[in-house]
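Here's a quick briefing to read alongside the model. Take a look at the structure first, then work through the points below.

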Amino acid sequence: MRRVMGLIALLLSMPATAQTKVEAKTATLDFSYTYPATAARVAPLRRWLEADRAWLRTRTAKMAAADRREAAKSDFPFHRHDATREWKVVTETPRLLSLSGETYRFTGGAHGNTVLEPLVWDKTKARRVDPRAMFESPAAMQRVFGAGWCAWLKGERRRRLGSDPGAGDIFPCPPVSDLTVLLGSSDRRAIDRIGLVAGQYVAGSYAEGMYEMTVPVTPAVLAIVRPEWRKAFATK
């Protein structure tokens with residue numbers, strides 16, 4: 001999976017920490033689930049992660065076993081499935097713990113697929129929060145981030161492809177509502193930068209990988225943060 005500097009810059013805001021990692025290997029499935037010690041120390045968040053791990057392992061094991069049975073019935077070769085989910089700390093501020101979760105799945109096709117998702121924990125209320133819910137609306141996010149995102153994406157795709165995609169390109173610039181939103185911080189005091197991530201096939205072909213752009217929190221961004229969250233953000 002190809003990466004650019006956006007998400008790397010976000011993740012470098014936190015030092016590496018010890019991890020909790022569970023691995024299991026059977027005839028049908030290679031499974032791995034990892035989360036950082038920072039998250040493990042928050043008891044309700046740890047319980048959620050453990051439940052998520054159990055759900056993912058059960059679901060992927062059932063799918064792999066079913067695929068193996070179907071392959072046997074059809075006299076096709078079976079390829080063992082892979083299921084990996086790893087949570088990493090993007091940043092931690094006095095109020096919020098921001099994680100990114102990367103899930104890789106291989107189910108026997110030409111290649112596996114990777115999905116990136118956010119997990120934001122509100123320490124003051126002991127609950128998970130959708131980062132999008134911290135902003136006024138999808139329309140407001142599109143208004144503030146959309147033009148810059150599309151301009152950056154156009155240039156980055158040209159750089160990766162070596163030329164303009166051309167008139168026949170099937171990947172228009174995706175709206176912000178289709179992107180993964182990660183909350184980051186340069187000083188661990190407040191959220192002052194935001195990662196916008198287009199996953200595989202969202203903005204380009206599989207070979208292009210993910211597209212990840214980091215933007216600072218500006219007055220325009222701060223203006224669309226809901227009032228109840230505004231003190232958790234700061235302009236950079």
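Domain 1 and domain 2 bury about 1,600 Å² between them, with 65% of that on carbon and sulfur atoms; buried area here is the accessible area (1.4 Å probe) that two parts lose on being put together, summed over both. Keep in mind that this is a predicted model, where local features need pLDDT of at least 70, side-chain atom pairs count only at pLDDT 80 or more, and totals for chains, interfaces and linings use all residues. Residues are numbered from 1 along each chain as its sequence is written, and side-chain values use heavy atoms, with hydrogens and water left out.

- Domain 1 puts 22 residues into the contact and domain 2 puts in 19, where contact means heavy atoms within 4.5 Å.
- On the side of domain 1 that touches domain 2, strands E3 (81-92), E4 (96-106), E5 (113-122) and E6 (127-129) each give two or more residues. Strands (E, at least two residues) and helices (H or I, at least four) are DSSP runs, numbered from the N terminus.
- E5 supplies the largest share of that side, 8 residues.
- By type, that side of domain 1 has 9 nonpolar, 8 polar and 5 charged residues. Ala, Val, Leu, Ile, Met, Phe, Trp, Tyr, Cys and Pro count as nonpolar, Asp, Glu, Lys and Arg as charged, and the others, Gly among them, as polar.

**Salt bridges**

- The whole structure has 15 salt bridges, each being a side-chain nitrogen of Lys or Arg within 4 Å of a carboxyl oxygen of Asp or Glu.
- Arg85 pairs with Asp52, with the closest N and O atoms 2.9 Å apart.
- Arg85 is buried at 8% relative accessibility, and Asp52 is buried at 11%. Buried means under 20% relative accessible area, exposed over 50%, and partly exposed in between (1.4 Å probe, protein chains only).
- Asp122 and Arg95 form another salt bridge, 3.2 Å between the closest N and O atoms. Asp122 lies in strand E5 and Arg95 in the loop between E3 and E4, 27 residues apart.
- Asp122 is buried at 0%, while Arg95 is partly exposed at 22%.
- Arg159 and Glu156 meet in a salt bridge at 2.6 Å, N to O. They are 3 residues apart in helix H4 (residues 138-161), so about one helical turn separates them.
- Arg159 is exposed at 52%, whereas Glu156 is buried at 10%.
- Salt bridges with shared partners join Asp52, Arg85 and Glu117 into one network.

- Val181 is in strand E7 (residues 180-184) and is buried, at 1%.
- Its C-alpha atom is 7.9 Å from that of Glu117, 64 residues away along the chain.
- Thr34 is in strand E2 (residues 29-36) and is buried too, at 3%.
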